[in-house]
Amino acid sequence: MKVAVMGAGAIGCFYGGLLARAGAVVTLVGRAQHVDAIRERGLLLEVGGETHAVPVGTTTSTNGVAGAELVLFCVKSGDTEVVGAEMAPHLAPEATILSFQNGVDNAARLGAVLGRPVVPVAVYVATDMAGPGHVRHHGRGDLLIGPSARSAEIVSLFTTAGIPARVSEDAIGALWGKLVVNCAYNALSALTRMPYGRMIRQDGVEAVMREVVAECRAVAAASGVALAPDILDAVLGLAAMMPDQFSSTAQDLRRGKQTEIDHLNGFVVRKGTELGIPTPANRVLLTLVKAAEKAKEG
């Protein structure tokens, strides 16, 4: 299968690299620093303490999606509409587009731009870019994929590449669950500049996380979404599973990049306002991360 990855950062490079290693024809569409490094010596895929150089096509142009049967859309949430519009003229009519993004509304937003269905995917993985064209895996990697006409073929493609994947009618519900985790961890990891394991041991942090989860649960319920009854236990337990992981928000702040906080805690604040539900803990985290972004800008 011919696969294109739009937005080849840590998530896109990880899944694109695994698919290419398994024999798929993959094109990574990313930033020049990564594209140049990958063209020179292949994509460095670091998994399980071993690093492999994976040959893979790469380009900085959105026309890299041309002819692809499957497109993994991995751009930052704030870039969804702009990149979607740039990509649209190059998409094959029969292409299936999967949104691998954080947040619960990206598939709908992208679908509105493209004028065609986009499949939501809940992505459970810990990765980062160790350098130009060098992706490092820290944990998990499973996918929960919304239904489509090519569901069976897509799941087979991923599982053949060693990627646990299954189709679910409730992918949006799963994205809500992931949103709660991100709201609890991302901003706090960024603001403390600590990995999850160390962060959660700091005085008061677990109490803040509990407040964030309670607010998210209230907003989800008012939105007609039933979160798992054990969502709080799952959130608090993640630190032990990924003690050395820094959130994507922490990584973005460290590199002076725009974060996705508007689509994480910011989304909960906006929905809470719309539904008349107070979200003070989420609002404070949103405000502090936005201030930290401004500080990085000088």
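Colleague: Which helix holds R210 and E206, and how many residues apart are they?

Modeller: Both sit in helix α8 (residues 205-222), 4 residues apart, about one turn of the helix. Helices here are DSSP runs of H or I with at least four residues, strands are runs of E with at least two, and both are numbered from the N terminus. This is a predicted model: local features need pLDDT of at least 70, side-chain atom pairs count only at pLDDT 80 or more, and totals for chains, interfaces and linings use all residues. Residues are numbered from 1 along each chain as its sequence is written, and side-chain values use heavy atoms, leaving out hydrogens and water.

Colleague: What makes R210 and E206 a salt bridge?

Modeller: A side-chain nitrogen of Lys or Arg must lie within 4 Å of a carboxyl oxygen of Asp or Glu. The closest N and O atoms of R210 and E206 are 3.0 Å apart, so the pair qualifies.

Colleague: Why is R210 called partly exposed?

Modeller: Buried means under 20% relative accessible area, exposed means over 50%, and partly exposed is in between (1.4 Å probe, protein chains only). R210 has 39%, so it counts as partly exposed. E206, at 33%, is partly exposed too.

Colleague: Why is E274 called exposed?

Modeller: Its relative accessible area is 57%, so it passes the cut-off. E274 also forms a salt bridge with K271, with the closest N and O atoms 3.5 Å apart.

Colleague: What makes R150 and E69 a link between distant parts of the chain?

Modeller: First, R150 forms a salt bridge with E69, at 3.6 Å between the closest N and O atoms. R150 is in the loop between β9 (134-145) and α5, E69 in the loop between β5 (57-59) and β6 (70-73), and they are 81 residues apart. R150 has 18% relative accessibility, so it is buried, while E69 has 28% and is partly exposed.

Colleague: Why is the pair of F100 and F158 called tilted?

Modeller: Rings of Phe, Tyr and Trp (its six-membered ring) pair if their centres lie within 6.5 Å; planes under 30 degrees apart are stacked, over 60 edge-to-face, the rest tilted. The count is 5 aromatic pairs. For F100 and F158, the centres are 6.2 Å apart and the planes at 40°, so the pair is tilted.

Colleague: How do you know whether F100 and F158 are buried or exposed?

Modeller: F100 has a relative accessible area of 4%, so it is buried. F158 has 0%, so it is buried as well.
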